[in-house]
Amino acid sequence: MNRFAARVLQASLLALGITGASAQSLPEKQTVVTPPPAGPTRAYVSDIAIQHIVDGRLHVVDVDAARYVGQIPLGYAGQAVLSPDRKHIYVSTTYYPRLWRGTRADVIDIWDAETLSFTGEIPIPERRAQALNYKGLISVSSDSRWLYVQNATPASSISIVDLRERRLASEVANSGCWLALPVPSAPNRFATLCGDGTMETITLDERGALASRARSDRFFDADVDPIFVHAETIGDRFFFVSYLGKVHEVDLSAEKPRAVGSWSMVGAADAKKNWRPGGYELFAIHAKSGRMYVLMHPDGQEGSHKNPAAEIWAFDLAAKKRVARIPGNNAISVTAIQGGAPRLVALDAMTMGLVLIDAGDKPRVVQRMDGVAEAGTLIEMQ
């Protein structure tokens with residue numbers, strides 16, 4: 001620094017009242033803050049962070065308070081799921097020693113859902129599906145014993161992880177099928193959705209090995225009207241939505257899946273404007289009210305199945321009838337807060353923000369928090 005510049009800097013510091021002693025940098029004091037207790041409006045947003053995919057994130061947000069609570073790393077295209085008791089977060093992910101190259105290591109990271117602190121890991125085969133975040137790519141049995149992880153090499157299989165003993169129990173092929181959907185009433189059983197228009201259940205023995213399989217009759221035609229790989233449940237009743245707007249219900253209370261029936265969400269007037277469902281987590285069910293909420297867009301065509309919502313349609317599942325049309329808020333994902341009156345949390349594709357919606361008799365936006373994620377596709381509620 002020359003003499004003139006030094007004098008200018010000294011004069012500036014004096015004008016600001018900064019002496020030589022106070023201008024010195026002080027060491028930063030690091031502290032650890034415990035997050036506030038999780039409530040019913042805490043949301044977990046899976047973000048694949050596509051522009052830096054080795055560094056995905058799980059954003060933890062209190063939607064009601066519009067408060068960002070914290071963040072959990074998802075690694076390379078990681079998948080996250082909450083335990084049934086909401087005490088643990090399980091992440092299936094991949095790490096490379098040079099970020100994007102080197103020897104691949106796949107693990108299950110285990111986090112405390114209350115403190116957002118890391119508690120351990122379980123190695124798994126290096127075959128987990130590195131894919132966008134969808135329900136069923138990682139899931140937990142209803143008794144919290146088994147963790148299911150979808151694999152793709154591209155051969156399809158499921159890694160069965162024993163959470164009690166923290167070990168890999170087995171690997172079960174689900175060739176031609178996708179997802180692991182736990183059956184609530186049968187902790188040792190899960191279902192998988194198959195490309196030939198059927199569902200298969202896989203039952204495990206007490207050590208996590210394959211015990212038996214059972215296949216449903218065909219209930220959809222993937223060449224004519226495929227269904228989205230997203231399911232919602234009421235007990236053992238599983239609901240799916242098709243590209244052209246049909247609702248399919250499958251009963252998984254017995255070993256063999258049974259298709260209950262299907263019905264169309266799109267009436268004659270709607271068909272003229274070619275309304276179709278679209279998005280990623282594209283519908284939600286509020287079990288207490290028996291309402292289903294679906295992201296819909298007009299002018300649907302081949303390839304529009306990921307379009308943001310122009311409207312959210314509300315259906316009475318018992319009557320199989322639309323009961324409300326709610327502004328779509330550009331949503332590509334939506335979930336319901338269970339218990340109490342119907343409330344929705346939607347992910348706005350334009351702002352990557354969360355929108356809390358009162359979905360009762362007079363629907364309204366209660367709260368909005370923009371810029372939560374970069375490339376989010378999945379929301380799970382506390």
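Here is a short walk through the disulfide and the nonpolar cores of this structure. The model is predicted, so local features need pLDDT of at least 70 and side-chain atom pairs count only at pLDDT 80 or more, while totals for chains, interfaces and linings use all residues. Residues are numbered from 1 along each chain as its sequence is written, and side-chain values use heavy atoms, with hydrogens and water left out.

Let's start with the cysteines. A disulfide is a covalent bond between the sulfur atoms of two cysteines; here the test is a pair of cysteine sulfur atoms within 2.5 Å. The count is 1 disulfide. Cys177 and Cys194 form it, with their sulfur atoms 2.1 Å apart. The pair links distant parts of the chain, 17 residues apart: Cys177 sits in strand 12 (residues 177-182) and Cys194 in strand 13 (residues 189-194). Strands are DSSP runs (E, at least two residues), numbered from the N terminus. Cys177 counts as buried because its relative accessibility is 4%, and Cys194 counts as buried at 2%; buried means under 20% relative accessible area, with a 1.4 Å probe and protein chains only.

Now for the nonpolar cores, which are sets of buried Ala, Val, Leu, Ile, Met, Phe, Trp, Tyr and Cys residues joined through side-chain atoms within 4.5 Å. The largest has 34 residues, and Leu181, Met199, Phe240, Val345 and Leu354 have the most contacts inside it. Strands that each supply at least two residues of this core include strand 12, strand 13 and strand 17 (237-241). Apart from this core lies another, of 17 residues, among them Phe239, Trp263, Trp275 and Met296.

Technical notes. Helix = DSSP H or I, 4+ residues; strand = E, 2+ residues; numbered from the N terminus. Buried < 20%, exposed > 50% of the residue type's maximum accessible area, 1.4 Å probe, protein only.
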